[in-house]
Amino acid sequence: MKETATSWAWRLVALSALVLLLGVLTGSQGLSTWPMLRDDPALADVVLNLRLPRTLGAWLAGALLGLAGAIAQGLFRNPLADPYLLGSASGASLGVALVLGLMGAWAAPLLHDAGLSGWLRLGLTGAAFVGAWLAVLLTLALARGVQQTVRLLLAGVVVGVVLGALASLVMQWSPEAWPVLQSFMLGQTAMIDWTACALMAAVCMACTLAAWGLSPLLDGLALGESTALSLGLRVLPGRMALVAVLALATATSVAQTGLIAFVGLAAPHLVRARVSVGHARFVGLSMLAGGVLLCAADVLARGLLAPRELPVGVVTAIVGGIYLLRLMRQPLHARHS
Amino acid sequence: MSTAPQHALAARQLSVTLDHRPVLQQVNLQIPSGLWTCIVGPNGAGKSTLLRALAGLTPCEGEVLLQGRRLAQWPGRERAQALAWLGQNESGTDDLTVYDLAMLGRLPHQKWLAPPNAQDRQVVERVLRQTQLWDWRERPLGQLSGGERQRALLARALAVEAQIVLMDEPLASLDPPHQADWLAEVRSLVAQGHGGQRAARVECGLASRCLGGLGPRPGAAHRTDTRPCHTRGLASRVRSPHSIA
């Protein structure tokens, strides 16, 4: 018997609080303690303006990926669908690469000065959104709809590889933007400031509301397109709206943190293995799980080899890969016990 | 039937083309209400396509009349309340519990995002008891056997409380003993009707072995259609084995 959604929601909230606290206290010199923070104003400043937004941002980016993954899996009726497999993340990164490439050529100092300005962030997020949205539409067009799972995944892989290659090409052309672009490709939380946090929080709220509003459609789609239509659901406009939410969530996350793999795939899987709920709660729980996962990965990335830092994308890729291998080895029936 | 049946569903000059290939050509048929009607024909004859066209799930030429009114003129919600659909491969729902699945059938009756009300819960309990799944209501579908799963999907279709239920090959995934159980269940449900209303059940692709196994009296199944349905040159017959004992 699976446990209730509410008890898991509370557990995930508690875990979120724990990883957020750990994230704030973990620094390049090991754990900071309360007396250290009280006595050292410089350290307090670091915590308030660097570690806090970075940790909170990691949680928010993870939550966005968890939401995108939950929507993708419901929308395409495919437990392997995630923002990355459908090409949307590659599309988003191509959008970011194009903007940064142009910026790099024309206004290189902007990138090397004091981080990224708020307007540039907004522009990057917008470009990432357009890229992600177009990439998902391209995947859908190549797969001729969502009916054939294999076609869909293959089309997603093709779109992902081609757009990823184009992004690399853009990188080749504008060496000025190389460092920023490289950290985007690896997945980094270091560039998250308060502006990025505010942007992600706003998008997170909007996407949550939209996903909640569209959750009956996701529930109906679980039974197939015909049944959803027969239940009086507006499948086509609803699907387009869901693709837009998926693209917006993925793009906002990618524009702030770069390519972070597996969180969008693993978070919904972890939730599904523990509770059976409708999509309204499923999306919410996946968000919480995604936030915890990425925030924990960020703590690991900063703490494992301190004072050196690993790109968080590398950590999630390794941990996620192992998780996926375990999932593959599990017999089908055991996943639901 | 002693009285002339009112037609629950009717098709006039119905033609469907899939991938530039004509599948149905100018089919005329009438499905009476209060009866269990089966569409029988060889594989590839277009039974499923006919059923999908009758449910408004496939673009078609000609007209489909639902309770005398053109299907396209029905507002989405009202149509969903009047006509329930049980598809051939309703899958990918392993994580849903039996109760939540049946509750999805109440979507056409619920306001958008409104939680289920007392009536919804009452109907879901009734259909789950009818299909003998009430004790399994907390189970995810992934833990059910093929037959139980099919019963749960039937419960979902029944929870719509529609006058007309269209079922596409509901027995395809079941072994013969389960097919017999399932037929008995559907038959008793047709006999009970819904809230005293005369309901029509249309079913497609019922295996002839199965019909025979349950023993329709010779001549009991009769054609209601005046013309054969031309489906790719093969004439499939519309029959109503409502008098299966």
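Let me start with the residues that join two helices of chain B: B:Val123, B:Val124, B:Val127 and B:Leu128 in helix 4 meet B:Ala155, B:Leu158 and B:Ala159 in helix 5, where a contact requires the C-beta atoms of two residues, placed from the backbone, to lie within 7 Å, and where helices (H or I, at least four residues) and strands (E, at least two) are DSSP runs numbered from the N terminus. By class, the residues of this contact divide into 7 nonpolar, no polar and no charged, with Ala, Val, Leu, Ile, Met, Phe, Trp, Tyr, Cys and Pro counted as nonpolar, Asp, Glu, Lys and Arg as charged, and the others, Gly among them, as polar.

Please keep in mind that this is a predicted model, in which local features need pLDDT of at least 70, side-chain atom pairs count only at pLDDT 80 or more, and totals for chains, interfaces and linings use all residues. Residues are numbered from 1 along each chain as its sequence is written, while chains are lettered from A and ligands numbered from 1 in the order in which they are written.

Now the geometry of that pair. Helix 4 of chain B, residues 118–130, and helix 5 of chain B, residues 146–159, pack at an angle of about 140 degrees with their axes 9 Å apart; the axes are lines fitted to C-alpha atoms, for helices over the stretch in contact, and the angles run from 0 to 180 degrees between N-to-C directions. Helix 4 and helix 5 of chain B are therefore oblique to each other, given that angles under 35 degrees count as roughly parallel, over 145 as roughly antiparallel, 65 to 115 as roughly perpendicular and the rest as oblique. Their crossing is right-handed, the term for a near helix turned clockwise from the far one by less than a right angle, with anticlockwise giving left-handed.

As for chain B as a whole, its secondary structure comes to 7 helices and 10 strands, and 42% of its 245 residues count as buried, that is, with 20 or more other C-beta atoms within 10 Å of their own, as against exposed at 12 or fewer and partly exposed in between, the C-beta atoms being placed from the backbone. Of the contacts in chain B with a separation of 6 or more, 71% are between residues 24 or more positions apart.

Let me turn to chain A, which has 15 helices and 2 strands. Its radius of gyration, taken over C-alpha atoms, is 20 Å, close to the 20 Å that the globule rule gives for 337 residues, so chain A is as compact as a globular protein of that length; the rule is 2.2 Å times the number of residues to the power 0.38. The C-alpha atoms of chain A fill a box of roughly 65 × 50 × 35 Å along the principal axes, and 51% of the 337 residues are buried. For contacts in chain A with a separation of 6 or more, the share from residues 24 or more positions apart is 83%.

Within chain A, helix 1 (residues 5–25) and helix 3 (residues 41–75) pack at about 145 degrees with their axes 9 Å apart, and the crossing is right-handed.

What does helix 13 of chain A pack against? Its buried residues pack against helix 3, helix 14 (279–303) and helix 15 (312–329) of chain A. Helix 13 itself, residues 263–272, is mostly covered, with 9 of its 10 residues buried, including A:Pro268, A:His269 and A:Arg272. By contrast, A:Val319 in helix 15 of chain A counts as partly exposed, because 18 C-beta neighbours lie inside 10 Å.

Finally, the two chains together: the contact takes 27 residues from chain B and 21 residues from chain A. On the side of chain B, helix 2 (76–82), strand 6 (83–86) and helix 3 (98–104) each supply at least two residues, the largest share, 4 residues, coming from helix 2. By class, that side has 12 nonpolar, 8 polar and 7 charged residues.
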